[in-house]
Amino acid sequence: MVRDTGYGLYGSKTEKKEEAQLRAEQEEAERLERERLRQEHLKILEAKYQGKRESELAEFKPLEQKFLSAKQWKMDYREQAKWERYLSCDGTPDPTVPQEMYTFMSLWHDNQDEDVQLVKENEEVVLNLIEKLVSLLLETSPDEISEEQRDQYQEFILQLQDLLRKKYNEATQNLLKTASMYEDSETGNMHTAIKDKNSTFCIWVNLKKKARFKKHMFQEAGHGFDLPKSLALSSVAVRVLHTRYDHVSPLWVQFQGLPRQEASASQELAVYPKYTGQELGEKEKGREEPSVPAAVETSSDERKESAALLKENSKTTDDVKETEEETEKNSDISDVPSQDEEALLQEEAGGREEAPRIVDLQQLVPVGGVFHIDALRLPPQAQDVGDWSMVELLDVGLEVYPYSPGKAEDGTQEAVQITLRLPDNVIYFKVPVVARWEPAGQQWRTDGISNITYEAEEKRISFRMGAFCTVALLQDAHLNLPYQAWELHPTGVDEGLFTVTAVFATIQIQIKDNQCMLSSVVVEEEKVLSHITGKWMTPFALRETLKRAGVNIFPAEYSPEYVRVSRKVALAEVKAYDQMALLAAAFAFAHSKWNGAAGPERFVFQVSEHLTAGSAKDNDWSLYMFCGDKVQNLKLSETSEAFSEELEEESEFHSTLYHMLKDSASSIALEKVERAGFLFIDSVYQLLHATRVLAYS
């Protein structure tokens, strides 16, 4: 019998190891060879790219001229609108003519006998004037408006806002003087609510002074209050004025989401005769406003300026952390927690004294307007003496009642219980943060508010305050960022559909020539905000309308501080929107999950030739990487396991997205691109630039 010594098994293992090592060496050699060939191929492509770069850019120049055509059209349109306004003679002033504005404000200021209904009629005129001034500030290119004009327009906005507030106070005073004439037969007190699309005016007057009176609800408006016991026997009136606009916050908040600059050197502006605006309502004055910059126009130089602004304000996550650390060290104000944390803080407060909290208006913004809740001193009422009706006249104007909270029956501090009906024309994606306006510090604060009860189904919110004051419901400006997905595709001649899937909502916007229309806003498979859908307006107007409705999908220059996004090169981002807009008549564009992995200097998105109605099919998309001055077609797909810059077979580098797509595009698609209207192109660019889908998805 022969014994196995094991040497045969040992030899077999050695041979296998050597074979595996040999295969590994061969594979490495093959890999190196492939890499060498790939690098040689890339060098050839790079040389070819450099050789045709100038000719491609020259060929692309006529397409870019469409942006200049759009700019010229808008300038001509503004001039024509000004001429038509002059010819209309409708009695409203031209906001660009100072003398007309001074005359309008002076005449209205001197008319002190208006009732609430007349003020509401003029309110519509004032809001239209403010809207026109805002449009001039934010849509007019810098070479069409001087700094002096810009400052003057801002001053007009502030004066109109203050004058409107003053007229509401005068009308309230006029109503209170005759309150006894409108005594309610059931309660013996006076109450009324006047409601329209711009504001809701509610007032209750304590005529009977019954000690057992506890609360009042304005049924027409859905607002109500519990009267503190210490006021039950007082000559007091309670006014709840809900304005669906915000004329309290600083101007840069009212125009939030647009670039903000530091305040320019103060200039002495001519003040029109008589009107100073220094009446009751001064508690909300003293606002110092930064300059409001013009919106980005679409000429080449101005897009570069826009890119510079984006670049200056874009931050990486590390930058954000550093900024937050510096803020904690240097800022005189407290940081504001997230909306959920803030709401939790308020709900848990339960009447105890909260730590002072100043609202960060870059993070939380008023949504649904402002609620002015005031306790007012009741003026002397008319007394019938024989055949005469006599009243004591006091030249003091509308006076705030000097209310100081006393002690409740249980020994705690007395508080004002307020119930507010949420506006129907806005959407709150989470529990809104209740804040009060502090006139002295010109800031919104969340301290002094407790026992918050939010009823989403009933669209009602209740809370307690230590005093009567102006309040607003705040929402996180960035809660719908970053985007989950987006898609842009043509639907007809100079028509397109832009879909943004945000965190809580899916927004669809139709584009046609120089107009946009909100097609739908879907939240949890339900369409909402039907009052603003189906209406054509400019891209700027649509942006403001959506923000006022609580759907903010328009990042501001400071948004990287609040949204975790990867830093992207600003100039390349603007160039991408530029070229996507020029091709939007025949090509569809969509989000790619690889965009974030591509790094700061590169943008990855999906593109598909699109000549029929409806969204592109999944297998029709190709991935492209845009670097500002170079574009390439990637072999990568959305289902790949890892990011790779490997080129698609037989593809080349190009200087523009147009030339990249031209390699594989049909003649029909290229013809559509050539014939696309400049107004449609400009509208697409404005929406892409406003949403910044390549930086926030």
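Trainee: What makes the meeting of the E399 and R377 side chains a salt bridge?

Mentor: This is a predicted model, in which local features need pLDDT of at least 70 and side-chain atom pairs count only at pLDDT 80 or more, whereas totals for chains, interfaces and linings use all residues. Residues are numbered from 1 along each chain as its sequence is written, and side-chain values use heavy atoms, with hydrogens and water left out. A salt bridge requires a side-chain nitrogen of Lys or Arg within 4 Å of a carboxyl oxygen of Asp or Glu. For E399 and R377 the N to O value is 3.8 Å, so the pair is a salt bridge.

Trainee: Which parts does this pair tie together?

Mentor: E399 lies in the loop between β9 (388-390) and β10 (416-421) and R377 in strand β7 (residues 370-377), so parts 22 residues apart in sequence are tied together.

Trainee: Why is R377 called partly exposed?

Mentor: Buried means under 20% relative accessible area, exposed over 50%, and partly exposed in between (1.4 Å probe, protein chains only). R377 has 33%, and is therefore partly exposed.

Trainee: How do you know whether E170 and K167 are buried or exposed?

Mentor: E170 has a relative accessibility of 15% and therefore counts as buried; K167, at 1%, is buried by that rule. These two residues form a salt bridge, their closest N and O atoms being 2.8 Å apart.

Trainee: What is E649 called, and why?

Mentor: E649 is called exposed because its relative accessible area is 54%. Its salt-bridge partner is K635, with closest N and O atoms 3.5 Å apart.

Note on methods: Helices (H or I, at least four residues) and strands (E, at least two) are DSSP runs, numbered from the N terminus.
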